[in-house]
Amino acid sequence: MRSPSEPATIDELEQVQPLDGRSPVLPLIVDLAEPLPSLVNVGHRYRAAHLLVVVQGTPLGWVDLALPPEGVAPELLAELLWKRLRRAIVAELAARDLSAPGSLPAGGYDLGSPARGRVEPHVAVVIATRERPEELERCLHSVLEGVVVPAQLVVVDNAPTSDRTERLVRRMAEDHPSLQYVREPRPGLGRAHNAALPVLRTRLVAFTDDDVVVHPWWLARTVEAFEVADDVACVTGMIAPLELDTRTQQLIEAHAGFNKGFDRRVFDPRADHHDDVLFPFAAGVFGSGANMSFDTEYLRSVGGFDDALGAGTVALGGDDLAAFYDVMATGRRLVYEPAAIVSHRHHRELPALQRQAYGYGAGLSAHLTRCVLNDPKVAWAMLRRVPPAVRRAARIARPERSPDRPEPPPGLTWHHLRGMAAGPVRYVRSRRAARAAAAAGTP
């Protein structure tokens, strides 16, 4: 048996089932272009670590390891990552015209990382928030500490009940003149995002949420992704976990599908999508609203987001799904760029997850209802996709059991289905209310 003074071995670190929901797990993004961190297990709190390994934002893979009480030194971590990801590391460096290394140094690879803070004049960042100034401040600092920073950083205070957010933004703006405050009195995420459009002066606009921390390379990789193909109107990115303390958070990470994979994908409505019979209606495959960016003029040309959709409205969600669908419906391209990474704080407790499942279901069917109301001809196309949609829903509702991830609690699928059943009526009510408010000029 290893004594407490002896460091763990590679074999011991690899003996772990990471997301089984039994105890807290430490999520980290480890960039091999920087010195590797010491994994410190303060108070012996964590049983395991869940690492997303990247090179200047480009993801190479997930690595799970046991986290012993004494932690893991950078040298041992380097040895383990080299063992697990050697081929991916060599391939990534070769893509940068660098010779194949023989190992991973604890100090990382010297790739000439640029100093952080260069202003990107062509992009703005918009963050909608409501009464979460502590989380918002953390998010703002992460944006301002990026490799590139936006020319405009707009905070939209959505239906506030206090002046806490405004005071935070005004205070931070004294040191960061790019920071702007916009107040939108009507609740709704779509409305909040639209409220930022009149003040934008940039060619591109990136949207994220107040409960995320963006990776330093997030904005740089997002801007680059608009150039990978012609006629790109939207870019989405990877969403990693910020916290995995509770069983519910680990359940969300294991099953919710925030992570869309490590491969860049260019979605073209003119291409043959025989491999996805639900295209383009199952818009969740394109990405998530916590990490989405648009060509600003395109967004204005389609009228922005549907203000009858989104958290805070009667419809509860679907604003991002509708926005992605609109890109396809207007014949533009959408790029999923995995190197544009944000880390999201998942819900900690089961009741919040149940409400989220209901809201996601309502938002999905609200989005589909919107598609039909805006263009009745798509109803037939949807009907032809019902059988494969049912089969996909059945697979989602009954995921394969695995010893390394928690099983969804009984009834969670029921909450989602209840939301889907309510979504069409919710959208019609929300749409009528939005149009009545617009006709009356209600602020």
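**Close-up 1. Helix 9 meets helix 10.** In this predicted model, L321, A322, Y325 and D326 of helix 9 touch G363, L364, H367, R370 and C371 of helix 10, where contact means heavy atoms within 4.5 Å. Helices here are DSSP runs (H or I, at least four residues), strands are too (E, at least two), and both are numbered from the N terminus. Sort the residues of this contact and you get five nonpolar, two polar and two charged; Ala, Val, Leu, Ile, Met, Phe, Trp, Tyr, Cys and Pro count as nonpolar, Asp, Glu, Lys and Arg as charged, and the others, Gly among them, as polar. The angle between helix 9 (residues 319–329) and helix 10 (residues 350–374) is about 40 degrees, and their axes sit 9 Å apart. Axes are lines fitted to C-alpha atoms, for helices over the stretch in contact, with angles running from 0 to 180 degrees between N-to-C directions. The crossing is right-handed, that is, the near helix is turned clockwise from the far one by less than a right angle.

Close-up 2. Ten of the eleven residues of helix 9 are buried, so the rest of the structure largely encloses it. Buried means under 20% relative accessible area (1.4 Å probe, protein chains only). Among the buried ones are F324, V327 and M328. After helix 9 comes G331, with a positive phi near 80 degrees.

**Close-up 3. Helix 3 beside helix 4.** Helix 3 (residues 133–144) and helix 4 (residues 164–173) pack at about 25 degrees, with axes 10 Å apart. That makes the two roughly parallel, a label for angles under 35 degrees. On the helix 3 side the contact includes L136, L140 and L144, and on the helix 4 side it includes L168, V169 and M172.

**Close-up 4. The buried face of helix 4.** T165, L168, V169 and M172 are the buried residues of helix 4. Looking down the helix 4 axis, they fall within an arc of 95 degrees, so they line one face; the arc is that of the directions from the helix axis to the C-beta atoms. They pack against helix 3 as well as strand 4 (118–129), strand 5 (148–158) and strand 6 (179–184).

**Close-up 5. S343 in strand 12.** S343 belongs to strand 12 (residues 333–344) and counts as buried at 8% relative accessibility. Leaving out residues up to four places away in sequence, S343 touches I29, D211, V212, V213, A240, P241 and L242.

**Notes.** Residues are numbered from 1 along each chain as its sequence is written, and side-chain values use heavy atoms, leaving out hydrogens and water. As the model is predicted, local features need pLDDT of at least 70 and side-chain atom pairs count only at pLDDT 80 or more, while totals for chains, interfaces and linings use all residues.

Technical notes. Angles under 35 degrees count as roughly parallel, over 145 as roughly antiparallel, 65 to 115 as roughly perpendicular and the rest as oblique. Buried means under 20% relative accessible area, exposed over 50%, partly exposed in between (1.4 Å probe, protein chains only).
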